[in-house]
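Colleague: Could you walk me through how the labels on this model were assigned? I'd like each one set beside its definition.
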Amino acid sequence: MPRQPDLLGPPSLSVQPSQGQNGPRLWIKRLAIWDEPGGEKIRDITFRPGLNIIWSPDSGDALSSESPAGAIGHGSGKTLFCRLLRYCLGEDRYASENQRERVGVAFLNGIVGAEIMLDGICWAIVRPLGIRRRHMAVAGGYLDEIAAGEGTSTGLEPFLDAIEQGILTTGLAALISGQHSDRQSWPIALAWLTRDQECRFDDVLDWRSTVSDSDSPVRGMTQTEKLDALRAFVVAITPEEHAKRSEVASLDDRRRTMDQEIGHRRWEIERSQNRLTVALGLTVEEVTAGPFAIEQMRKKAQDHLATAAKLPQGQPGAGVEIARQEHEKAQEEWTRLDGERIRIQATIPLVEKIQSQLQGELPGISFSRSEAESPVCPICEVPIDRTLAEGCGLSHKLPDLEACVQRWEQRKKSFDDETEKLVGLRSEQAQTLQKLALAKQHADQLGDRVAALEQARDTREGAWYAAQRLADDVERFAELFGAQENATKAVRDVVSKLETERSLLGVFRDKQARVFVRISEKFDPIVRRLVGADAKGHVTLSGNGLEPHVNMGGDRSTAAIDSLKVLAFDLAILCLSIEGATRVPAFLVHDSPREADLGLSIYHRLFRLVTEIEAFGEAPQFQYIATTTTRPPEDLAVEPWLRMTLRGSPGTERLLRRNL
């Protein structure tokens, strides 16, 4: 049956501003840059609710006549301008480290300030660009006076507290997981509302790039945590669902931990079973699977223990001690004999030397005795009979025969004593060497006996202990096996509970589906307004996350379409924020959306669509700031929409009016 044509056509974009609002709840009224407090004002840019365009003409743009030939729109300071806006809104850094150093050198005492309207109150914000550390946030203050003064730093906390409590509400932080800073909500919302250019509008949840060095807390958040934050901002998550999600995440973490423990324990069980199989003398074929294997191993281990207990007793401990004492006594006797041997060996050379000396003296003494017995006449040298000599008196002095005889006899006796002593020492040496050899042999035999006794004792004890260790290892294996069975049962229970809790989360998602229906009601006409009436768009929340779809003869997913999805989604949320249906302000900063593969026709329609949204209400209920190198539509490249024109050259036309 042919389908009936839709005579009414798809609904157009409709926005109903919330009651009592006569303007955006948060918008930037003014941004100013000074080279120093009270010094030269480098820039002073005013803004308006609604569309605000910062344009840097590019000579390559055929439609542009605003830039001299050869000039490029890049490098003029558009991204730095966006980063300074974010800096005044509370982000910690206004550029990458290298760029901050260059700016700090050029503007040692430079400051940037902004007038920010928050629920009808004008906040004066002042922050340093160089070495100064003075941060000011004053409600109802005058920016120029505060920038020129030297008052005590207040920090940005008063302003940030006002945003947290007034727009985001204090309960919002509890719904946002992945909290990485003291400001739990606004830094995350700011990252979404003022995306990094480096993210290239690639994905709805890509807010901050690591290249930008922004130090935003979202850089430490997972995609799931960012999705939770976004859902909290668009009122698509309740405290109950958030608690349930935390419970599911905790269960999932517990399941993963248990799975890891089970895997490790399984490896340990296999290794232990293989080792015990070999140690118990079993074969792989003999060992059955499961609990029966434990009973087999337990029986085999008890058999080993019984066998070890019946081993020969060998020598008791007292026998080993007696043998060790006998060996020690034999060692002491050998040591004593060896000392005797050393003493005798040292004494013999001394006795031999004395004997040799005495033997050398005996001939001389013997000759002196002979001379004394038969003296020679000193005159004629003829032997004289002692009796005649004594009687005739020819010699007045004769040798002392008695003394010579006595001396000779003493030397002869000493020589004989030393000879006898030497013979005794040599005999004693021979006996000592013989005893020493026998003592050494006896000590070695006793040592071998002690070693044998100790080895026999250790062998028996080692066999018993080894058998006992095997029995203990089998019991530990049984405990390990039991723990594995309990863990497997526990993880099944956790998985079952996890499935139940996830089904409850699905119920919560179904309840929140109307929020995404409302988002789709804005997303669809925005997509058709940008790419044509035949296109369709819708946003869904599934188990895979947040998924914007664009249907143009089929669901499209190219780089250009992905960028379009992000821009359309942000604008859809902007419209809902105007209606008061979100917890974020109706505020957006898009840095060079054309560079995200956005076609020129779509790019022009984007700006015209934003001006059409201005018409919903007596005055614009939002603020949209966009930078571009491509010329905006001719009728929008003028005030009040065009707020500033920058150029990449010369340096005086750049944001800071100089080359860094």
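Modeller: Happy to! This is a predicted model, where local features need pLDDT of at least 70, side-chain atom pairs count only at pLDDT 80 or more, and totals for chains, interfaces and linings use all residues. Residues are numbered from 1 along each chain as its sequence is written, and side-chain values use heavy atoms, leaving out hydrogens and water.

Colleague: Why is strand β1 called largely enclosed?

Modeller: Buried means under 20% relative accessible area, with exposed over 50% and partly exposed in between (1.4 Å probe, protein chains only). Eight of the nine residues of β1 (residues 26-34) are buried, so the rest of the structure largely encloses this strand. Strands are DSSP runs of E, at least two residues, and helices are runs of H or I, at least four, numbered from the N terminus.

Colleague: How do you know that β1 and β4 pair?

Modeller: Pairing requires that DSSP finds at least two bridges between two strands. β1 and β4 (residues 111-118) have eight, in the antiparallel sense, so they pair by that definition. Within this pair, W27 stands opposite M117.

Colleague: What makes β9 and β11 edge strands?

Modeller: The open sheet has the order β9-β10-β3-β11, with parallel pairing. β9 (587-591) and β11 (642-645) each pair on one side only.

Colleague: What packs on the sheet, touching β9 and β10?

Modeller: That's helix α13 (residues 559-578). Contact means heavy atoms within 4.5 Å.

How values were computed: Axes are lines fitted to C-alpha atoms, for helices over the stretch in contact, and angles run from 0 to 180 degrees between N-to-C directions.
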